[in-house]
Amino acid sequence: MGCGVASYITADRNGQYNGRQRRMNETSGSTAADVRVRLRFITRDPTIRVNEVPLAVPVALNRRGLSEVINHLLGIEGGTKGSAEEEEKDGNTTNASGYDFVIENQLLRCSLDKFLRATGLSTEVTINVEYYRTLQAPIEGTRSKPEDAWVGSLVACQGGREGGVVVAGGYDGKLRCYAAQDCSQSVGEWSQAHTGPVKAVAAFHLDTDDGGKGSVVVTAGKDKLVKTWGLSAAAAGTSNRKKKSTEIAAAAGIVMWPVSVLMGHENSVECVAVRGKQQQVLTGDWSGMMCFWKLEGGGETFSTPAFSSSTITSQKRKKRRMYDVQVGEEAAAVQAVASTLTPVSVLKAHSQCMSGIEWHQADVSRVFTSSWDHSIKSWDLERQDCVQTLNSSRVVTSLAASAGSLVAAGHPDGRLRVWDLRSSSTDNGVEGTSATPGKRVLAGCGSWISGVAWHPRRENVLAALTHDGLLRVWDLRATKPLHTLTAHEGKALASCFGWRTGGEEGAAWPLFTGGADGVVRSFEI
């Protein structure tokens with residue numbers, strides 16, 4: 001459909017594409033279906049790219065109709081997969097792709113006619129329309145067996161078993177590990193990792209010295225301590241010295257051991273962040289103090305120690321064997337092997353409890369922190385100085401930094417506030433200057449926001465958990481959540497993204513959540 005042909009697409013009464021083409025020199029009426037606007041379709045996904053020559057389409061078309069236009073241009077026959085409500089209404093269950101469309105940094109959620117009138121855009125000019133595959137509703141996956149303790153923190157780790165594991169920090173002081181591919185499989189736990197609730201967990205990945213994949217897990221507790229743990233599965237062909245450890249890994253799925261204890265906080269440690277290549281750790285506590293740590297070693301591998309058989313006790317549980325490292329006299333001897341570290345530097349970051357800490361994903365010296373003192377701060381660690389303060393009108397309960405320059409914050413009033421730190425930025429619909437960073441307030445979630453996480457590949461998409469047990473998926477260019485579903489009975493408290501389950505473009509990513517019901521759940525987004 002080139003510009004020389006001057007052809008256009010027609011629509012039916014419901015704003016749907018009807019597949020017919022006519023020439024612009026034909027006579028037409030004055031109905032909305034005959035009023036046309038020239039659109040240039042652009043995308044960042046090469047697998048769905050069409051000719052970018054402007055195409056005249058009726059303003060009566062809506063998102064569903066435009067999706068069918070794209071499928072027609074791509075040579076895909078059949079209907080278009082839309083929302084569940086649309087499919088139920090239209091009885092359409094075909095597998096053709098659905099798309100979302102962005103005009104002037106806003107998602108199209110009505111007909112072109114209504115959108116153009118609302119935004120004041122003229123039908124006399126060519127309008128650039130960015131499109132991408134629709135983010136389908138999260139697919140509910142598996143769930144763990146309920147435990148007696150709240151799940152207050154989560155992190156996904158490579159190694160341990162195929163697909164990795166999810167480490168959950170409990171309010172009973174325990175660390176529990178679940179298979180990432182099936183959360184119903186509990187693959188191990190460490191009893192009383194902390195003497196109080198585990199408030200935060202983080203992890204970075206290293207290879208083991210026997211050729212396997214492993215992770216270093218960092219935990220923070222109400223007992224004022226920060227601890228690091230090694231986690232791996234021993235590879236085949238391990239030496240006799242590690243034979244016992246290998247057997248444990250084969251049966252239970254993982255081997256986990258204490259590495260170091262980080263002592264320096266005088267209050268409950270509420271948040272933790274890690275930078276793996278540098279093996280650096282940042283922690284924040286209830287009083288607003290922030291500690292910077294440098295872990296020992298600094299190499300790209302770590303050693304898997306051999307545990308004595310007396311340290312590991314096994315017990316039968318419903319057709320499976322699970323190994324629980326008990327904290328007793330023998331385990332205390334293992335604990336004594338862990339080294340003790342002190343912080344490299346200590347800063348008074350906030351006047352009240354710190355609720356979040358995040359490394360800037362591009363600048364190794366830049367860090368973001370949030371607090372109950374209503375502020376978000378940006379720090380230069382080399383200078384040990386606060387370089388920017390973002391003031392809010394509410395307590396900040398959760399924090400997440402994107403791969404770009406966006407910082408999202410959750411609040412007790414149920415609102416998400418997103419800050420864009422770029423100078424004079426208008427991307428993502430968030431405007432601002434270097435002196436006053438852009439801020440956008442998304443519609444209220446209705447309850448205390450306990451966790452925020454950015455989608456690993458969709459820069460404008462984030463997930464939010466709230467105390468009413470709901471999981472909401474947002475796109476910054478929309479005025480309301482894309483999807484809302486129940487994640488937990490009671491409070492939803494923690495979330496983390498895992499790794500993509502498929503290699504194709506647009507494949508779903510796993511999201512794990514934990515709550516006051518003691519359950520770890522998985523979703524695909």
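The structure is a predicted model, in which local features need pLDDT of at least 70 and side-chain atom pairs count only at pLDDT 80 or more, while totals for chains, interfaces and linings use all residues. Residues are numbered from 1 along each chain as its sequence is written, and side-chain values use heavy atoms, with hydrogens and water left out.

**D285 and its strands**

D285 belongs to strand β18, residues 280-285. Strands here are DSSP runs of E with at least two residues, numbered from the N terminus. D285 is buried but has no salt bridge, and K348, the nearest side chain of opposite charge, is 6.4 Å away. Buried means under 20% relative accessible area, exposed over 50%, and partly exposed in between, with a 1.4 Å probe and protein chains only. A salt bridge needs a side-chain nitrogen of Lys or Arg within 4 Å of a carboxyl oxygen of Asp or Glu. For charge, Lys and Arg count as positive and Asp and Glu as negative, with His and the chain ends not counted.

The side chain of D285 does reach the backbone nitrogen of M289, at 3.0 Å. Leaving out residues up to four places away in sequence, D285 touches H265, E266, N267, S268, V269, E270, C353 and M354; contact means heavy atoms within 4.5 Å.

Strand β18 runs antiparallel to β19 (residues 289-294), and 5 bridges join them. Two strands pair if DSSP finds at least two bridges between them. Within this pairing, V281 stands opposite W293. The β18-β19 hairpin has 3 residues between its strands, and G288 takes a positive phi near 95° there.

**Aromatic pairs**

The structure holds 8 aromatic pairs. Rings of Phe, Tyr and Trp (its six-membered ring) pair if their centres lie within 6.5 Å; planes under 30 degrees apart count as stacked, over 60 as edge-to-face and the rest as tilted. Two of the pairs are tabulated below.

| Pair | Centre to centre | Angle between planes | Class |
|---|---|---|---|
| Y99 and Y131 | 5.9 Å | 90° | edge-to-face |
| W372 and W448 | 6.4 Å | 70° | edge-to-face |

Y99 lies in strand β5 (residues 99-103) and Y131 in strand β7 (residues 127-133), so their pair ties together parts 32 residues apart in sequence. Both Y99 and Y131 are buried.

The tryptophan pair links distant parts of the chain, 76 residues apart: W372 is in the loop between β26 (366-371) and β27 (375-380), and W448 in the loop between β32 (438-442) and β33 (449-454). W372 counts as partly exposed because its relative accessibility is 30%. W448 is also partly exposed, at 31%.

**Two loop residues with positive phi**

Most residues other than glycine have a negative phi. E104, although not a glycine, has a positive phi of about 55°. E104 lies in the loop between β5 and β6 (106-107) and counts as exposed at 56% relative accessibility. N105 is found in the loop between β5 and β6, and its phi is near 60°, a positive value in a residue other than glycine. N105 is partly exposed, with a relative accessible area of 29%.

Key. Helices (H or I, at least four residues) and strands (E, at least two) are DSSP runs, numbered from the N terminus. A polar contact is a pair of N or O atoms within 3.5 Å; within protein, one must be able to donate a hydrogen and the other to accept it, and residues adjacent in sequence count only if both atoms are side-chain atoms.
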